[in-house]
Amino acid sequence: IPQISYASTAPELSDPGRYEFFSRVVPPDSYQAQAMVAVVRALGWSYVSTLASEGNYGESGVEAFVQSSREAGGLCIAQSIKIPREPRPGEFAKVIGRLMETSTARGVVLFANEDDIRRVLEAATLANLSGHFSWVGSDSWGAKMAPVQGLEEAAHGAITILPKRASVPG
């Protein structure tokens, strides 16, 4: 069945051997990952952590970021943390604790869903670490207000990636 997607960004969907009848109108996450590496390098960062929601979107996005950073060189990944699909109570406090284990890696690259982003920012606020981390977020965060509403101090200075959008007349 031929399919055209307006939102599916998973890189593996670009494999014509597996998805012969799939097409999309947005770029795959590998392009976002390349842009995120360019942002991190432009900021002069050389030591960052990655944070991903468990599942295709988050894990593939971080994998693409790590691969692009290897190709670009000069960037060290302090640690890669995965947020479970069904996080237990206190899971996000643990995530912030793990990020603090490499506290000099203040840049954090996020490929996570909206809910996970919000809960990470809440945990950073509760740990009194608003402003400690500098976030580079994927399109799931993009221009959305929901993940940061009421948590603006923790999200202050975040840079998010969003594919160019335009209205098509008619």
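Which residues form a nonpolar patch on the surface? Ile 4, Tyr 6 and Val 25 do, and together they have about 420 Å² of accessible area. The model is predicted.

**The patch and its strand**

Ile 4 sits in strand 1, which covers residues 3-5. Its relative accessible area is 70%, so Ile 4 is exposed, as exposed means over 50%.

**Helix 1**

Helix 1 covers residues 29-42 and has 14 residues. At 1.5 Å a residue the helix should span 20 Å, and its end C-alpha atoms are 20 Å apart, which agrees. Buried positions in helix 1 are Asp 29, Gln 32, Ala 33, Met 36, Val 37 and Val 40. Viewed down the helix axis, these buried residues fall within an arc of 140 degrees, so they line one face. Their packing partners are strand 3 (47-53), helix 2 (56-72), strand 5 (107-111) and strand 6 (134-137). Tyr 31 and Ala 42 lie on the other side of helix 1 and are exposed. Gly 44 follows the helix, with a positive phi near 80 degrees.

**Glu 101**

Glu 101 belongs to helix 3, residues 91-101. Glu 101 counts as exposed because its relative accessibility is 61%. Gly 44 and Glu 101 are 57 residues apart along the chain, and their C-alpha atoms are separated by 21 Å.

| Residue | Relative accessible area |
|---|---|
| Ile 4 | 70% |
| Glu 101 | 61% |

Technical notes:
Residues are numbered from 1 along each chain as its sequence is written. This is a predicted model: local features need pLDDT of at least 70, side-chain atom pairs count only at pLDDT 80 or more; totals for chains, interfaces and linings use all residues. Side-chain values use heavy atoms; hydrogens and water are left out. Patches are made of residues with over 30% relative accessible area and no salt bridge: like charges are joined within 9 Å, nonpolar side chains (Val, Leu, Ile, Met, Phe, Trp, Tyr) within 5 Å. Accessible areas come from the Shrake-Rupley method with a 1.4 Å probe; for residues, only the protein chains shown count as cover. A salt bridge is a side-chain nitrogen of Lys or Arg within 4 Å of a carboxyl oxygen of Asp or Glu. Helices (H or I, at least four residues) and strands (E, at least two) are DSSP runs, numbered from the N terminus. Buried means under 20% relative accessible area, exposed over 50%, partly exposed in between (1.4 Å probe, protein chains only). The expected span of a helix is 1.5 Å times one less than its number of residues. The arc is that of the directions from the helix axis to the C-beta atoms. Contact means heavy atoms within 4.5 Å.
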